[in-house]
Amino acid sequence: MSAPGENLRINSARLWDSLMEMAKIGPGVAGGCNRQTLTDDDAAGRALFRKWCEDAGLSMGVDQMGTMFMTRPGEDPDALPVYVGSHLDTQPTGGKYDGVLGVLGALEVVRTLNDLGIKTKHPIVVTNWTNEEGARFAPAMLASGVFAGVIPLEYAYGRTDLEGASFGAELERISWKGEEEVGARKMHAYFELHIEQGPILEAKEKTIGVVTHCQGLWWLEFTLTGKEAHTGSTPMPMRVNAGLAMARIFEMVQEVAMAAQPNAVGGVGQVKFAPNSRNVLPGKVVFTVDIRSPDQAKLDGMRAEIEKRAAVICEDLGVGCAVEPVGHFDPVTFAPELVGRVRKAAETLGYSHLDIISGAGHDACWAAKVAPATMVMCPCVDGLSHNEAEEISPEWAAAGTDVLLHAVLETAEIVG
């Protein structure tokens with residue numbers, strides 16, 4: 001067998017059952033999941049994933065960031081592995097598929113190869129990256145960023161959550177800190193299957209997204225310092241209102257993003273007020289501006305414009321303003337050869353497809369710095385993600401994993 005034929009498909013029922021079983025760990029309150037990184041639920045999800053992988057004959061490696069590497073041997077001991085994966089951690093109010101489909105889809109690829117007795121020249125490594133979401137510990141894609149050499153290990157260990165717990169301490173607490181040096185592994189290629197997290201594929205009635213690029217991103221954490229004061233007895237002209245400055249910055253971010261159209265977005269998803277009392281003007285406001293674009297010049301121009309205008313807004317109101325970048329990656333162009341294999345796989349299998357730019361960040365963005373990489377996407381209902389109502393169909397999941405199977409096999413090279 002020299003190349004995968006159109007009849008080669010994964011076991012869609014088994015994949016769906018695995019997704020539903022994993023979703024039982026860290027259930028949300030509205031049908032989704034709350035399996036945040038380095039929590040007890042994350043540890044339980046890892047343990048189940050490990051069992052499934054070992055049942056499939058895979059051997060485990062764990063690096064110092066807790067990333068899990070589950071290896072199916074290849075026939076050539078000198079051939080570099082093909083890595084396939086995503087993440088098992090979720091948002092606090094996350095869905096059942098974001099990240100998880102990529103990990104369990106990769107496992108299903110291996111299970112299918114086992115079922116059919118297919119051997120490959122290159123090893124295949126099913127990967128669960130730690131803290132892709134960045135919901136508990138910013139920035140996102142933390143472990144893959146350390147792996148790619150763009151985030152220092154000690155910086156990652158020192159990141160804290162809202163309760164003050166550090167990443168390093170929590171990694172040790174749940175007993176998933178490995179001994180393996182982060183980034184020591186070498187990759188032949190990297191593939192990642194993911195739900196789109198946007199509405200384009202469903203709206204255009206396409207089953208497969210062939211991901212050619214990923215948007216660049218800046219997360220800018222603003223800390224505004226005003227003066228706590230009674231909201232009822234402090235005259236309007238005498239206020240130093242950090243909340244007002246925040247509101248004006250929000251509106252300004254919208255203006256900057258709209259002026260940068262097309263292919264640019266900007267907004268704010270997290271705000272922390274202090275003291276956060278009904279009748280006290282905030283003395284401190286912390287929020288994160290999220291801006292993205294596949295155009296490097298546009299992305300950096302938006303950042304410069306937002307920081308410049310924010311400083312003016314705060315100065316006019318007498319409010320202190322500090323800005324710290326807490327997340328960043330440049331726009332990514334995925335490996336054309338691998339992109340071509342994904343497109344070819346979709347065509348071989350008869351799935352409708354569309355070239356697409358990922359609007360969200362993924363571990364593939366950092367993996368692309370150290371090896372050829374690309375992504376496969378399937379639709380999600382109404383483009384909804386980072387939400388407990390996130391939904392996909394079993395057919396979409398199977399189609400994306402079928403394409404993943406074929407692209408990985410062409411890259412790992414069938415033997416025999």
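Predicted model: local features only at pLDDT ≥ 70, side-chain atom pairs only at ≥ 80, totals over all residues.
Let's start with the open sheet, whose four strands follow the order E10-E12-E8-E13 with antiparallel pairing. Strands E10 (265-274) and E13 (320-329) form the edges, each pairing on one side only. From one strand to the next, the twist averages 15°.

E10 and E12 (residues 284-293) run antiparallel and are joined by nine bridges. Within E12, arginine 292 is found opposite valine 265. Two helices pack on this sheet. Helix H8 (residues 242-259) touches E8 (216-225), E10 and E12, and its direction makes about 170° with that of E10. Helix H9 (residues 296-317) touches E8, E10, E12 and E13, with its direction at about 10° to that of E8.

## How H1 meets H2

Now for a helix pair. The axes of H1 (residues 12-23) and H2 (residues 40-55) come within 10 Å and cross at roughly 150°. Angles over 145 degrees count as roughly antiparallel, and H1 and H2 are therefore roughly antiparallel to each other.

On the H1 side, the contact is made by Ser18, Glu21 and Met22, which meet Gly45, Leu48, Phe49 and Trp52 of H2. Sorted by class, this contact has four nonpolar, two polar and one charged residues.

## E16, an enclosed strand

Is strand E16 buried or exposed? Six of the six residues of E16 (residues 373-378) are buried, so this strand is largely enclosed by the rest of the structure. In a regular strand, side chains alternate between the two faces of the sheet. Here Ala373, Met375 and Met377 point one way, while Thr374, Val376 and Cys378 point the other way, and all are buried.

E16 runs parallel to strand E6 (residues 189-195), with six bridges joining them; isoleucine 195 has cysteine 378 of E16 as its bridge partner. With strand E7 (residues 208-214), E16 pairs in the antiparallel sense over three bridges, and valine 210 stands opposite valine 376 of E16.

## Two nonpolar cores

The largest nonpolar core has 105 residues, and Phe49, Leu104 and Phe191 have the most contacts inside it. Helix H12 (residues 394-412) gives the most to this core, with eleven residues. Beyond its neighbours within four places in sequence, leucine 104 is in contact with Leu15, Ser18, Leu19, Met22, Phe49 and Trp52.

A second, separate core has 26 residues, including Ala245, Val285, Phe287 and Leu317.

Conventions
Residues numbered from 1 in each chain as written. Heavy atoms only, no water. Pairing = 2+ DSSP bridges. Axes fitted to C-alpha atoms, helices over the stretch in contact; angles between N-to-C directions. Contact = heavy atoms within 4.5 Å. Core = buried A, V, L, I, M, F, W, Y, C linked by side-chain atoms within 4.5 Å. Buried < 20%, exposed > 50% of the residue type's maximum accessible area, 1.4 Å probe, protein only. Parallel < 35°, antiparallel > 145°, perpendicular 65-115°, else oblique. Nonpolar A, V, L, I, M, F, W, Y, C, P; charged D, E, K, R; others polar.
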